[in-house]
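We will go stop by stop.

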Amino acid sequence: METILHALRDAGRLMAALDPKLVEIVGLSLKVSLSAVVLATALALPLGAAIAVSKFRGRQTVIVILNALMGLPPVVVGLIVYLLLSRAGPLGAMGLLFTPTAMVIAQTILILPIIAALARQAVEDAWREYQEQLRSLGAGSGRAALTLVWDIRFSLLTAVLAGLGRAAAEVGAVMIVGGNIDGVTRVMTTAIALETSKGDLALALGLGIILVTLVLLLNAAAYMLKEAAQRRYG
Amino acid sequence: MGDEPMRAPVSILPLRLEEVSFIAGGRPIVDRVSLELEAGPRTIILGPNGAGKSVLMRLCHGLLAPTSGRIEWAAPERPGERRRQAMVFQRPVMLRRSAIANVEYALGLAGALAVERAQQARAALESVGLAHLAERSARVLSGGEQQRLALARAWALRPEVLFLDEPTASLDPGASVEVERIIQAIRDAGTKIVMCTHNLGQARRLGDEILFLNQGRLAERAPVERFFNAPASAEAQAFIKGELPWT
């Protein structure tokens, strides 16, 4: 108990003093995860929307796979990206392994199915409801799609926040492709893993508290956004 | 709604259906229907559940394509042009924006000038008695208010034909009366009404002629009075007899 209290006190001190090492790690975490979210969103929203409104053979299989990929284990994603980016791999020549770029790629792959699957569901529900009305009013498919996406923007934002939460909290993928190099690829989750095994509980706890707070805030924001939108727009 | 409807020179009516069928799951929902709808008389489509009323209306409105047969307007629609027909569904679908913005959206799709939309939308809301709720979010309105808003949205487009798919089926009596009044006003302003309903009283009040569908076939077409007093087909006789106690 003594140790934990000590660690908590030291963690508080680190956070209060904006310890440069701590700030650097948190900063890189946010940079990597936010980049991944931007990339994944740009790919996943059109993908999810396209699956939602199109009819093709094997559509149900695609949906099942997409939903299953939401639970993709981060270490497996890390392993695959590692194989692709390693010296002997097909993309080895680019020299991306153990860089923040590699981490962004891995997290993008990890959260793309999450955002796409949630977006697919939201768009499909809305499309079922709006389709006839929009066509009746003479909206072409492009215009109808824009109207739809704008109308469910809060649901889509929730999907994006879910992706961000997942990216910020995962450790397996960034550990494997980033290598947890001090000052280069060390992020919150990999630092926590390392510092804990080294016995530096203060830094690990401080980072843990920040991470949990961040995830909490994200979820609270997603919830409140949806609630507010529901109240305002029905 | 004072000003003259914006009319293109040639009317889109009559609408002509030739041997139109719609088959789903191997079953004919609409079965070789041929008819012509002219401007003027209010047409009510009657028939038991599953007779194909809604599907026939969707075929006419272009939301479904017939499996076989031909559907022709006197002035054919061209994609990208303003639609000269509108439809009001049983359950109104409103976008997540204000009541007036929903009407303005429809006007925008119909190619109304941006500067005129607000004024036209407000006039449409006034004519259905919703002007005081213009800024309210459409989806928080009551069922009756949303249906009136749907009518305002359709009316604002000044359609030559308005299709109504059981517009009062999910409304309470008070709201139904109001909706019937608005339908009457839309007709008085020169729009052809084509409506399906379950309510025989409503069919009498709002209709000039009845199209009676049974199992996808057009079993009878007659003026309202004759249909109710002396139905020619055995199916229509049975239907009226069976339905009357509940109207």
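**Stop 1: two helices of chain A**

Select helix H1 (residues 2-16) and helix H10 (residues 201-233) of chain A. They pack at an angle of about 65 degrees, with their axes 8 Å apart. That makes H1(A) roughly perpendicular to H10(A). The crossing of H1(A) past H10(A) is right-handed.

Some terms for this stop. Helices (H or I, at least four residues) and strands (E, at least two) are DSSP runs, numbered from the N terminus. Axes are lines fitted to C-alpha atoms, for helices over the stretch in contact, and angles run from 0 to 180 degrees between N-to-C directions. Angles under 35 degrees count as roughly parallel, over 145 as roughly antiparallel, 65 to 115 as roughly perpendicular and the rest as oblique. A crossing is right-handed if the near helix is turned clockwise from the far one by less than a right angle, and left-handed if anticlockwise.

This is a predicted model: local features need pLDDT of at least 70, side-chain atom pairs count only at pLDDT 80 or more, and totals for chains, interfaces and linings use all residues. Residues are numbered from 1 along each chain as its sequence is written, while chains are lettered from A and ligands numbered from 1 in the order in which they are written.

Now show side chains. From H1(A), pick A:Thr3, A:Ala7, A:Leu8, A:Asp10, A:Ala11, A:Leu14 and A:Met15; they meet residues of H10(A) that include A:Leu201, A:Leu205, A:Ile209 and A:Ile210. A contact here means C-beta atoms, placed from the backbone, within 7 Å. By class, the residues of this contact are 11 nonpolar, two polar and one charged. (Ala, Val, Leu, Ile, Met, Phe, Trp, Tyr, Cys and Pro count as nonpolar, Asp, Glu, Lys and Arg as charged, and the others, Gly among them, as polar.)

**Stop 2: all of chain A**

Zoom out. Chain A has 10 helices and zero strands. Its C-alpha atoms fill a box of roughly 70 × 50 × 25 Å along the principal axes. Of its 234 residues, 39% are buried. Buried means 20 or more other C-beta atoms within 10 Å of the residue's own, exposed means 12 or fewer, and partly exposed lies in between; C-beta atoms are placed from the backbone.

**Stop 3: the core**

Which residues have the most contacts inside the largest nonpolar core? Select A:Ala106, A:Ile115, A:Ala119, A:Val177 and B:Ala152; the core has 136 residues. Its largest share, 20 residues, comes from helix H5 (residues 100-136) of chain A. A nonpolar core is a set of buried Ala, Val, Leu, Ile, Met, Phe, Trp, Tyr and Cys residues joined through C-beta atoms within 7 Å.

Centre on A:Val177. Leaving aside neighbours within four places in sequence, its contacts include A:Gly78, A:Tyr82, A:Leu97 and A:Ala106.

Then go to A:Asn180, in the loop between helix H8 (172-178) and helix H9 (188-198) of chain A. Its phi is near 55 degrees, a positive value in a residue other than glycine. A:Asn180 is partly exposed, because 18 other C-beta atoms lie within 10 Å.

**Stop 4: where the chains touch**

Show both chains. 16 residues of chain B are in contact with 14 residues of chain A. On the chain B side, S5 and helix H2 (99-109) each supply at least two residues. That side has 10 nonpolar, two polar and four charged residues.

In strand S5 (residues 85-88) of chain B, select B:Gln85. Buried or exposed? B:Gln85 is buried, because 24 other C-beta atoms lie within 10 Å.

**Stop 5**

Select helix H1 (residues 53-61) of chain B: eight of its nine residues are buried. B:Gly62 follows H1(B), with a positive phi near 90 degrees.

Next, helix H3 (residues 114-127) of chain B and H4(B): their axes come within 9 Å and cross at roughly 135 degrees. That makes H3(B) oblique to H4(B). The residues of their contact are six nonpolar, two polar and no charged.

Finish at B:Pro14, in the segment before strand S1 (15-24) of chain B. The peptide bond from B:Leu13 to B:Pro14 is cis, with omega near 0 degrees.

Notes:
Two residues are in contact if their C-beta atoms, placed from the backbone, lie within 7 Å.
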